[in-house]
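Hi there,

Here is the structure I promised to pass on.

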Amino acid sequence: MNWVWFHKLASPPSAYVFALRLRPWLFWISVIMMLWAAYEGLFVVPPDYQQKDAFRIAYVHIPAASLSLMVYSMMAIAAAIGVIWRMKLAHAVAAACALPGAILTALALITGSIWGRPMWGAWWAWDARLTSELILFFLYLGYMTLRASFDDIGRADRASAILAIVGVVNVPIVRYSVVWWNSLHQGQTLSVFGESKMDSSMITPLLVMMLAFLMFFGAALCDGLRAEILRRERNASWLTDLKAK
Amino acid sequence: MNAPMVNSPDPFKLAVVVLQRELCLALRRWDQVLQPLIFFVVIIALFPLAVSPELSELRRIAPGVLWVAAMLASLLAADALFRPDVEDGTMEQWVLSGQPLPWLLLNKTFAHWILTGMPLVIVMPIVAIALGVNASNWTSWWTMIMSLALGTAILTVLGAVGAALTVGLRRGNMLMALVVLPLEMPVLIFGAQALQMAIRNESAFGILSLLAAILLLSLALAPFAMAAAIRISIE
Amino acid sequence: MNYETLKMGGYGAYVWSSYALTLLALFIMAFAARRASGKELSAAVRRVQINSTNNASSNATNGGTSS
């Protein structure tokens, strides 16, 4: 078979190859880091003096919650780049962000609610942080349904990009809700600049877990991005010799 | 449009033209203008039936009921904002006219608010009394009216963005609700809070300012989102 | 590691279920992306093969048609 004309396409193939090569690294390193951090968080770190062992949920809840916001910002930025510079690849990144982001948001909500049950005595509270995170989840869902309802992928890209950009106002609301409102949700425990309210022996596993989540998301993004690139490169075909690799 | 603007008229004249057209059209289809209003009142009438006819009970939930009804009514109305103009090709002419599309759409949205938002604000005190709200002084009424006026304006602008996004889709109505409602939730929270405070005779100035700030922000940014969305939708 | 460690001072059910759900969510995340890329890839390969056989038979110069 003649595969020569597969090499005609320019930039998306290189992104494709990059994602393909990057993925296993991200994936396996993040798995190793996660295992270590989960072990530390579950068995090594001493129980919190107030929350006892329930505090260990933080090691999955905080990474999921912070990443859910980060992913949305990333999606909005990618969407904006896609709209402004008419860059197909940026739209592909935004599209690939949506599902992992929604899953992370759902995870943050669920683990938060499991954590809230023993701490607050309720599965759910309609407080600012929780509600805004729920709104974030609905934004992800709205983004995905809007995207899915266009037949033409170019129009889907641009229409959903507008929604992603408009929805970005929710990100600071979630981020600072514990600061702005008197919230049932506890305040910020981690801070990159300045003093954190946690002991460093507790913090290291948390930071490792956050990084691991980020890398795991990166791995999922690599796969999702490849799918989106393929979807956008319908009529051309540098792919089959990639398959041989 | 990248085309240079030739004979660009005064933006205010342009606004007047758009407003005149919208209001004139609305007068000819006045039944459609009444629909959101009737919907609003009907939704509110459902609550005494479903919850309890006790005025004390209704008084407690009145702010939320009023706000949810206003939100649903504005959502229902928003679908008709661009659809007729996109279907009969008017919107295409607007896009091709070389006039600033965000400005045209903003004025259209303003006309839409006059037609669908303002009636709700006017009817609201009557409905509120029917729900057992008895605000004691004029300041409370004024606060309630202001909160609903600011709130419906924000809802109209956000709804317009959603309508512009989904107008090209055959069955965009439900989708628009999915897309727009999450964005409108903060407005619901603050609006209902303002009403609550007004009923309790507290000063809601802070929340009203916040609503005004949200309105200004959305007025500044939403027209560009609308214009971009309309360009995608009519393509 | 004994039974007491697993009980987590009475919070075991909460802690373990949230870790299990996290595992599940991460799995879904990775799997969904993996499956999407796999599906698109096989669809693309199929398209390419159809195009190339079409081209071979009709001597067309570009493979612009989609399946």
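Let me start with a pair of helices in chain A: H3(A) and H7(A) are oblique to each other, because oblique covers the angles left over once those under 35 degrees count as roughly parallel, over 145 as roughly antiparallel and 65 to 115 as roughly perpendicular. H3(A) spans residues 88-120 and H7(A) residues 200-232, and they pack at an angle of about 130 degrees with their axes 8 Å apart. (Axes are lines fitted to C-alpha atoms, for helices over the stretch in contact, and angles run from 0 to 180 degrees between N-to-C directions; helices are DSSP runs of H or I with at least four residues, numbered from the N terminus.) Their crossing is right-handed, meaning that the near helix is turned clockwise from the far one by less than a right angle.

Before going further, a word on what you are looking at. This is a predicted model, in which local features need pLDDT of at least 70 and side-chain atom pairs count only at pLDDT 80 or more, while totals for chains, interfaces and linings use all residues. Residues are numbered from 1 along each chain as its sequence is written, and chains are lettered from A and ligands numbered from 1 in the order in which they are written.

Back to the helix pair: residues of H3(A), including Ala92(A), Ala96(A) and Leu99(A), meet residues of H7(A), among them Phe217(A), Leu221(A) and Gly224(A). Contact here means C-beta atoms, placed from the backbone, within 7 Å. By class there are 12 nonpolar, one polar and three charged residues (Ala, Val, Leu, Ile, Met, Phe, Trp, Tyr, Cys and Pro are nonpolar, Asp, Glu, Lys and Arg charged, and the others, Gly among them, polar).

H3(A) turns up again where chains A and C touch. There, 37 residues of chain A contact 30 residues of chain C, and H3(A) gives the largest share of chain A's side, 10 residues. That side has 22 nonpolar, six polar and nine charged residues.

Chain B also touches chain A, with 15 of its residues in contact with 16 of chain A. H7(B) brings the largest share of chain B's side, seven residues, and the side divides into 14 nonpolar, no polar and one charged.

As for confidence, chain A has a mean pLDDT (the predictor's confidence in each residue, from 0 to 100) of 82. Over residues 1-10 of chain A the pLDDT is below 50. Where pLDDT is low, the predicted coordinates should not be read in detail.

Best wishes

Methods
Contact = placed C-beta atoms within 7 Å. Helix = DSSP H or I, 4+ residues; strand = E, 2+ residues; numbered from the N terminus.
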